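Work through the exercises below with the sequence and the 3D structure at hand. Try each task before reading its solution.

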Amino acid sequence: MKDNVSGPYPKPPWRTYGNGLAIPVIVPARDVEVPEEFSVVSSLWRTIGMLVYLEYVQPSPMVHRELIWLSAMVRCTDRSYRVPESIGPKYYVARMYGDDAQSVEAARREWALPKTPARFHRVGNRIEVDAEDGTHVAFSWKPRGFTFNLPMQISSLQRGLGRVVCFTSEGRAEVQLATYRLEAFESEHPEWASFQKRLVLPGVASHVRSFDMTVRPALEVPRRIESIHPAPSMVGG
């Protein structure tokens, strides 16, 4: 992992540029692990997951690579949080990997994202990722057909310490369809269980040739004070 911590990471919002790949999959809802405050949004006992690779290039505030496993669409159904109707449903980030120390720290602190350091090796349209948690992923892709300029948004809902945190990045991207091949996958972490039981949508992936996205500051919803039960008194009456 690149150790670029020469100072504190820049505070969002960030204007970011880069490229990547998004692979949608259908996963069994019962195999998705989410915090108890969230409920999986499903249809016919299945939900949509997404494996996303992003490479940030200059003049982004931080130049780095990410691999993200968005395991399901979720809602916050815990009434002790006053989550606005405008927040929902969002993806839930089950696992996330990055090769830059500043970006790992920023993801954890700003958005409660479970980002883990990893090494990335890219040759052309092939990516291999070796993470510090033991996860190993390798895949390749071939772009197909025309390129379209489209609006693009990535948003997620995470549980932080006494808060629900919404991450949003939005902008525009040049996108084309692609075929892909998962060449290797190994992980013992339960958050990947649904990925291992996925139903692949044949040949369906989005090759993001370039993007221009703004990462917004976190939208935080704290837990209501009245919902936090005080510890029972140890002093007898």
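**Exercise 1.** State whether Trp14 and Trp111 are buried or exposed, then describe how their rings are arranged.

Solution. Step 1: Trp14 and Trp111 are both buried, where buried means under 20% relative accessible area, exposed over 50% and partly exposed in between, with a 1.4 Å probe and protein chains only. The model is predicted: local features need pLDDT of at least 70, side-chain atom pairs count only at pLDDT 80 or more, and totals for chains, interfaces and linings use all residues. Residues are numbered from 1 along each chain as its sequence is written, and side-chain values use heavy atoms, with hydrogens and water left out.

Step 1: Rings of Phe, Tyr and Trp (its six-membered ring) pair if their centres lie within 6.5 Å; planes under 30 degrees apart count as stacked, over 60 as edge-to-face and the rest as tilted. This rule gives 13 aromatic pairs. For Trp14 and Trp111 the ring centres are 5.4 Å apart and the planes are at 80 degrees, so this pair is edge-to-face.

Step 2: Trp14 belongs to strand β1 (residues 14-28) and Trp111 to helix α1 (residues 101-111), 97 residues apart. Helices (H or I, at least four residues) and strands (E, at least two) are DSSP runs, numbered from the N terminus.

**Exercise 2.** Classify the pair formed by Tyr53 and Phe120.

Solution. Step 1: The centres of these two rings are 6.3 Å apart with 35 degrees between the planes, and the pair is tilted.

Step 1: Because Tyr53 lies in strand β3 and Phe120 in strand β6, the pair ties together parts that are 67 residues apart in sequence. Tyr53 and Phe120 are both buried.

**Exercise 3.** Find the strands that pair with β5.

Step 1: Two strands pair if DSSP finds at least two bridges between them. Strand β4 (residues 64-76) pairs with β5 in the antiparallel sense over 8 bridges; here Glu66 has Gly98 of β5 as its bridge partner.

Step 2: Strand β6 (residues 115-123) runs parallel to β5 and is joined to it by 3 bridges. Thr116 in β6 stands opposite Tyr97.

**Exercise 4.** Which backbone atoms lie close to polar side-chain atoms of Ser60?

Solution. Step 1: Ser60 is in the loop between β3 (46-57) and β4. Its relative accessibility is 4%, so Ser60 counts as buried.

Step 1: A polar atom of the Ser60 side chain lies 2.8 Å from the backbone nitrogen of Tyr17. The backbone oxygen of Val57 lies 2.6 Å from a polar atom of that side chain.

Conventions
Polar contact = N/O pair within 3.5 Å; in protein donor to acceptor, adjacent residues only side chain to side chain.
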